[in-house]
Amino acid sequence: MASQAKQGSQKMQEYQDMASQMRPRKPLLKNALWAFFVGGLISEVGQGVEWFFMQHGLSAKEATPPMTVVMIGLGALLTGLGWYDRVVKHGGMGGSLPITGFANSMVAPAMEFRTEGLVLGVGAKLFTVAGPVLAYGLAAAFVVGLLRLLITGGA
Amino acid sequence: MIFLWAFIIGGLLCVVAQLTLDLFPLTPAHILVLFVVIGAILGGVGLYGKLVAVAGAGASVPLTGFGYTLVTGVGEAVKTKGVLGLLTGGLTAAAGGIKAAVLFGLAASLVFKPKI
């Protein structure tokens, strides 16, 4: 029995070695370049939107929240039209990391699970990725804020 | 000038995310969570604010900017409300973005049919 199990694990090791040799290597440089240009371009669009709001009398700080809202709207719209998939396919994290990609991560599963109903399909799947992001983001902000309060005494 | 830096910094943040995805066994969702937490930490020590001042949307569009927004909100709420601000600050600052995302998300998933 024991030798059989040993033989099994040896075979598994062989298989894993073989699999890792056969697995296509990720084109690191190509992916990084695509991420740079797609991510940079989306940021540039955001900067353009922010500039537009600043032309209408908002300061740079005031212009950021409405810019975020516009970018989220664009991300949701492009996802709905089925175009954002292509942005992510080529841009990788260049498409996923910007706030438009965050909107995509909410809309895409919500659309896909529409058939499971409006509550447990759409309502729940909106938060497949946004849920963890909010949970850990809020937790991190709490901990960082608490530490800063303890260190600086609230200054 | 801010338009140039927006492209460069926004692009570079995505490159770091892409390399993290390619070199470590993580999913994009893990990386989004990681970057929000990193943004909150960098915001807490005051570095991310400087990046936003230089790169504008290049720093606030990537999801690190969301973490920065959360932690900045906590900081401001603590100043006015004290300890309670630790709980109310984050969501208050991010409320517009979160509510927009939920509303647009609901609307888009009701209006559009997925292409298979």
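User: Which residue follows α2(B), and is its phi positive or negative?
Analyst: Gly46(B) follows α2(B), and its phi is positive, near 90°. Helices here are DSSP runs of H or I of at least four residues, strands are runs of E of at least two, and both are numbered from the N terminus.
User: What numbering and confidence rules apply here?
Analyst: Residues count from 1 along each chain as its sequence is written, and chains are lettered from A in the order in which they are written. This is a predicted model, where local features need pLDDT of at least 70 and side-chain atom pairs count only at pLDDT 80 or more, while totals for chains, interfaces and linings use all residues.
User: Back to α2(B), how many of its residues are buried?
Analyst: 13 of its 17 residues are buried, meaning 20 or more other C-beta atoms, placed from the backbone, lie within 10 Å of the residue's own.
User: Now the contact: how many residues does each chain give?
Analyst: Chain A gives 63 residues and chain B gives 59, with a contact being two C-beta atoms, placed from the backbone, within 7 Å.
User: Which element of chain A supplies the largest share?
Analyst: That is α8(A), with 15 residues of the side that touches chain B.
User: And what is the overall make-up of chain A?
Analyst: Chain A has 8 helices and 0 strands. Its C-alpha atoms fill a box of roughly 75 × 50 × 40 Å along the principal axes.
User: What share of chain A is buried?
Analyst: Buried residues make up 42% of its 155 residues.

Conventions:
A residue is buried if 20 or more other C-beta atoms lie within 10 Å of its own, exposed if 12 or fewer, and partly exposed in between; C-beta atoms are placed from the backbone.
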